[in-house]
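Here are my notes on this model, as numbered points. Please read them with the structure open.

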Amino acid sequence: MAAPKKYPDELRERAVRLYRESDPKPVIRQLARQLGVHHEALRNWIRQDEADRGQRDDRPTTSDLEELRRLRRENAELKRANEILKAASAFFASELDPTRRRS
């Protein structure tokens, strides 16, 4: 279960839009102070927006991150299912073993 978000999505979108549409670009620390958010949070939001728009290559896009999370969940589920099937297979193999003594 994901941790609750500290800032609402509307604030995040508004802050990034304000930064993107400003000319000249405001100092991130000052803009963050005006909006009441931490400057590193705003800096990360801006970087992620730039990655989503194809302006940055150094971080994955939001859709890539969502797909990665989905694939990791699916992988964990498949590993659990595989362990269950291995245990069941070992149990039934031991039940069908003709050399096993029956009591």
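1. Start with K79. At 54% relative accessibility, K79 counts as exposed, because the cut-off for exposed is over 50%. K79 belongs to helix α4. Please keep in mind that this is a predicted model.

2. Now follow the chain from K79 to E95. These two residues are 16 apart along the chain. Their C-alpha atoms are separated by 24 Å.

3. Next, the aromatic residues. How many aromatic pairs does the structure hold? There are two. One of them joins Y7 and W45, edge-to-face, at 5.4 Å centre to centre and 85° between the planes. Y7 sits in the segment before α1 and W45 in helix α3, so this pair ties together parts that are 38 residues apart in sequence. Both Y7 and W45 are buried.

4. F91 and F92 also pair. Their ring centres lie 5.2 Å apart. Their planes meet at 70°, so this pair too is edge-to-face; the cut-off for that class is over 60 degrees. F91 is partly exposed, at 46% relative accessible area.

5. On to helix α3, residues 39-52. Does its length agree or disagree with expectation? At 1.5 Å a residue, its 14 residues should span 20 Å. The end C-alpha atoms are 20 Å apart, which agrees.

6. Which residues of α3 are buried? They are H39, A41, L42, W45, I46, Q48, D49 and A51. The buried residues of α3 pack against α1, α2 and α4.

7. Two backbone details deserve a check. G54, which follows α3, has a positive phi, near 85°. The peptide bond from D23 to P24 is cis, with omega near 0°. P24 is placed in the loop between α1 and α2. As background, most residues other than glycine have a negative phi, and most peptide bonds are trans.

8. Then the largest pocket. It holds about 510 Å³ of space. Its lining has 20 residues. Nearest the pocket centre are K5, R12, W45, Q48 and T62. W45 and Q48 are also among the buried residues of α3.

9. Which helices supply at least two residues each to the lining of the largest pocket? They are α1 (9-21), α3 (39-52) and α4 (62-96). The most comes from α1, with six residues.

10. Twelve of its residues are charged, five are nonpolar and three are polar. K5 and R12, two of the residues nearest the centre, count as charged.

Key: Residues are numbered from 1 along each chain as its sequence is written. This is a predicted model: local features need pLDDT of at least 70, side-chain atom pairs count only at pLDDT 80 or more; totals for chains, interfaces and linings use all residues. Side-chain values use heavy atoms; hydrogens and water are left out. On a 1 Å grid over the protein atoms alone, a cavity is a set of points where a 1.4 Å probe fits but cannot get out, and a pocket is an open set with protein on both sides within 12 Å along at least five of seven lines; lining residues have an atom within 4 Å of a point. Grid points are joined across faces, edges and corners, and a volume is the space filled by probe spheres set on the points. Helices (H or I, at least four residues) and strands (E, at least two) are DSSP runs, numbered from the N terminus. The expected span of a helix is 1.5 Å times one less than its number of residues. Buried means under 20% relative accessible area, exposed over 50%, partly exposed in between (1.4 Å probe, protein chains only). Contact means heavy atoms within 4.5 Å. Rings of Phe, Tyr and Trp (its six-membered ring) pair if their centres lie within 6.5 Å; planes under 30 degrees apart count as stacked, over 60 as edge-to-face and the rest as tilted.
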